[in-house]
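Here is a short report on a structure with more than one part to follow. Keep the sequence and the view side by side as you read.

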2 protein chains.
Amino acid sequence: MIKRERGIIFVVSAPSGTGKTTLCKMLLSDLEGIVFSVSYTTRPPRKGEVNGRDYFFVSEEEFRELIKKGELVEYALVYGNFYGTSKSFIEEKISNGLDVLLDIDVQGAKRILEYYTDAVGIFIFPPSFDELRRRLEKRGTDSPEAVETRLMIAKKEMKMADMYHYWIVNDHLERAYVNFKSIFIAERSRSGRLTVEGL
Amino acid sequence: MIKRERGIIFVVSAPSGTGKTTLCKMLLSDLEGIVFSVSYTTRPPRKGEVNGRDYFFVSEEEFRELIKKGELVEYALVYGNFYGTSKSFIEEKISNGLDVLLDIDVQGAKRILEYYTDAVGIFIFPPSFDELRRRLEKRGTDSPEAVETRLMIAKKEMKMADMYHYWIVNDHLERAYVNFKSIFIAERSRSGRLTVEGL
């Protein structure tokens with residue numbers, strides 16, 4: 001009686017150390033009908049990375065060609081490498097009724113939410129700054145100065161959280177995951193995404 | 001870091017025989033922080049019904065006074081008895097941070113969704129008309145003519161489903177409940193209902 005024809009685009013952002021990657025991985029292994037967005041990059045593949053699964057690995061020349069063709073919703077230069085979101089990947093999935101999950105920074109999320117106006121934005125907050133500092137220090141991958149830089153960036157990112165439709169606080173992983181997952185399920189029941197048949 | 005100060009008003013409607021009452025009861029016994037809206041009625045209490053829990057039982061004179069005072073968001077006359085939704089009940093609960101669940105017909109839902117513009121509407125569909133007919137016949141409380149009348153009303157109600165934010169199909173109770181419950185959890189994470197502190 002009720003039909004949904006198109007998949008939904010979910011855009012997830014969070015400051016570094018908030019547990020975004022963990023939440024996204026849990027979701028993808030738990031929920032059916034959703035796939036992770038595969039981006040283009042000019043960075044060389046790392047050990048174990050597979051072309052077409054982790055990234056579409058392309059040359060800088062190919063990347064510039066993709067920009068020219070309008071195939072990238074957004075792109076960015078990070079430490080000398082280009083990264084870009086593929087329109088054709090996203091649109092093929094959603095037109096087949098599959099949802100797409102994008103794990104992306106606030107700048108990229110802004111472009112995507114502007115371009116795909118029916119996309120759903122989710123921002124994940126740490127419980128507090130003190131807790132975020134503790135997590136980053138515990139991770140041990142950053143110098144004290146780098147931790148402070150990450151915290152400053154986190155503050156700036158959180159100030160852009162208004163553009164996201166949902167906010168999750170990752171204070172306790174299992175609890176945060178219940179809230180996170182509920183968003184994906186609930187959005188599938190939004191009347192605007194559905195059509196009634198046989199009335 | 002994130003705070004929600006006001007509760008959310010959830011308005012649930014469904015054609016008779018769709019399983020709305022079951023879903024609402026499951027939710028209220030499963031989820032914390034949500035209460036059932038207590039309405040006014042001029043009908044006499046049935047056995048076991050408690051004033052202030054099931055209904056606020058009032059005289060017709062008192063009911064007319066409530067209308068005059070503007071205390072009712074909506075009201076209706078059903079089989080000679082008045083039923084009305086209490087503004088003060090709802091507003092006291094949501095200002096204390098409690099969510100309120102209203103189980104109400106499409107006419108009443110329309111008024112409430114118009115009056116409380118941040119309320120959330122959920123409409124529950126049967127899997128099909130044939131299945132709805134089977135369920136109503138199986139219930140055995142209606143004559144064949146009454147079943148046909150209910151089906152006609154159901155069709156009319158479904159045509160008003162557009163005003164609801166979410167649509168649930170009750171094809172399989174456990175599955176429908178997961179979708180139903182997710183809406184209540186997800187709405188609590190809507191950024192528009194939250195404020196960030198300490199940024």
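## A strand pair in chain B

In which sense do strand S9 and S10(B) pair, and over how many bridges? Strand S9 (residues 120-125) of chain B and S10(B) pair in the parallel sense, over four bridges. Strands here are DSSP runs of E with at least two residues, helices are runs of H or I with at least four, and both are numbered from the N terminus. Two strands pair if DSSP finds at least two bridges between them. B:Phe125 has B:Val169 in S10(B) as its bridge partner.

In a regular strand, side chains alternate between the two faces of the sheet. From S10(B), B:Tyr166 and B:Ile168 point one way. B:Trp167 and B:Val169 point the other way. All are buried, meaning that 20 or more other C-beta atoms, placed from the backbone, lie within 10 Å of the residue's own.

## About the model

This is a predicted model, in which local features need pLDDT of at least 70 and side-chain atom pairs count only at pLDDT 80 or more, while totals for chains, interfaces and linings use all residues. Residues are numbered from 1 along each chain as its sequence is written, and chains are lettered from A and ligands numbered from 1 in the order in which they are written.

Chain A averages a pLDDT of 95. This score is the predictor's confidence in each residue, from 0 to 100. The model scores ipTM 0.93 and pTM 0.94.

## Where the chains touch

The contact takes 28 residues from chain B and 28 residues from chain A. Two residues are in contact if their C-beta atoms, placed from the backbone, lie within 7 Å. On the side of chain B, helix H6 (144-158), strand S10 (166-169) and helix H7 (173-187) each supply at least two residues. H7(B) gives the largest share, six residues.

## Two helices cross

Helix H7 (residues 173-187) of chain A packs against H7(B). The angle is about 115 degrees, and the axes lie 8 Å apart. Axes are lines fitted to C-alpha atoms, for helices over the stretch in contact, and angles run from 0 to 180 degrees between N-to-C directions.

Which residues of H7(A) and H7(B) meet? Among them are A:Val178, A:Asn179 and A:Ser182 in H7(A), and B:Val178, B:Asn179 and B:Ser182 in H7(B).

How values were computed. Buried ≥ 20, exposed ≤ 12 C-beta atoms within 10 Å, placed from the backbone.
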